[in-house]
Amino acid sequence: MKKLFSTLSLLAIFCVAVLAEKQVVALYVPGMECNNCKEKVNNVLAFEKGVRKLSYDVEKRTVTITFEDTKTNVETLQNSLVKYLNYNSEVLSLNGVENNGNHKGHDKNGKHEGCTEDHHNQCPSTCPSKNPKSTSTSEK
């Protein structure tokens with residue numbers, strides 16, 4: 001009986017591992033205005049269960065997250081950004097399918113909507129307008 005239970009337990013673990021699918025979501029994060037902000041976002045998302053890879057483009061204020069759908073989901077990732085950083089986010093694409101919804105893009109001054117002068121005054125040397133080639137990737 002003990003062997004049967006052990007065998008069934010191993011089979012269940014194997015089935016869950018096989019059923020886990022990799023998902024890739026690209027989020028627009030208006031609050032991620034500089035490399036300092038990117039590090040804050042990284043510190044939140046890197047510790048979420050199931051997150052496997054994070055790629056950033058500070059200039060476009062985007063983060064691309066590769067995760068296991070059996071351990072987390074897009075809503076949980078977005079909620080973590082709000083809970084820990086008060087950063088809202090918008091889904092740009094999920095598994096390569098673009099969200100043709102309401103991405104606001106740049107205003108007439110070249111800033112993404114939601115960019116505040118306060119933030120620029122706090123860290124002007126690291127803002128994307130002064131450091132446009134700010135992209136990076138981190139993997140677990």
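A nonpolar core is a set of buried Ala, Val, Leu, Ile, Met, Phe, Trp, Tyr and Cys residues joined through side-chain atoms within 4.5 Å. Buried here means under 20% relative accessible area, with exposed over 50% and partly exposed in between (1.4 Å probe, protein chains only).

A few notes before the views. Residues are numbered from 1 along each chain as its sequence is written, and side-chain values use heavy atoms, leaving out hydrogens and water. This is a predicted model, where local features need pLDDT of at least 70 and side-chain atom pairs count only at pLDDT 80 or more, while totals for chains, interfaces and linings use all residues.

View 1. Helices (H or I, at least four residues) and strands (E, at least two) are DSSP runs, numbered from the N terminus. Follow the sequence along and you get α-β-α-β-β-α-β-β-α-β. Of the 140 residues in the protein, 35% are buried. Contact means heavy atoms within 4.5 Å. Among contacts with a separation of 6 or more, 67% join residues 24 or more positions apart.

**View 2. This one looks into the largest nonpolar core, a set of 20 residues.** L45, L54, V63, I65 and L81 have the most contacts inside this core. Two or more residues each come from β1 (22-28), α2 (35-45), β2 (51-57), β3 (62-68) and α3 (74-85). The biggest giver is α2, with four residues. As a rule, nonpolar side chains in soluble globular proteins tend to be buried together.

**View 3. Now we zoom in on L81 and its partners.** Which residues does L81 touch, leaving aside its neighbours within four places in sequence? They are L27, V29, V41, V44, L45, N86, Y87 and S89.

**View 4. Two cysteines, C34 and C37, sit with their sulfurs 3.4 Å apart.** A disulfide is a pair of cysteine sulfur atoms within 2.5 Å. The closest cysteine sulfur to that of C34 is the one in C37, and it is too far for a bond. By this rule, the disulfide count is zero. Are these two buried or exposed? C34 is buried, with a relative accessible area of 0%, and C37 is buried too, at 3%.

**View 5. The last stop is T72, in the loop between β3 and α3.** T72 is buried, with a relative accessible area of 5%. Setting aside neighbours within four places in sequence, T72 is in contact with K49, F67 and L77.
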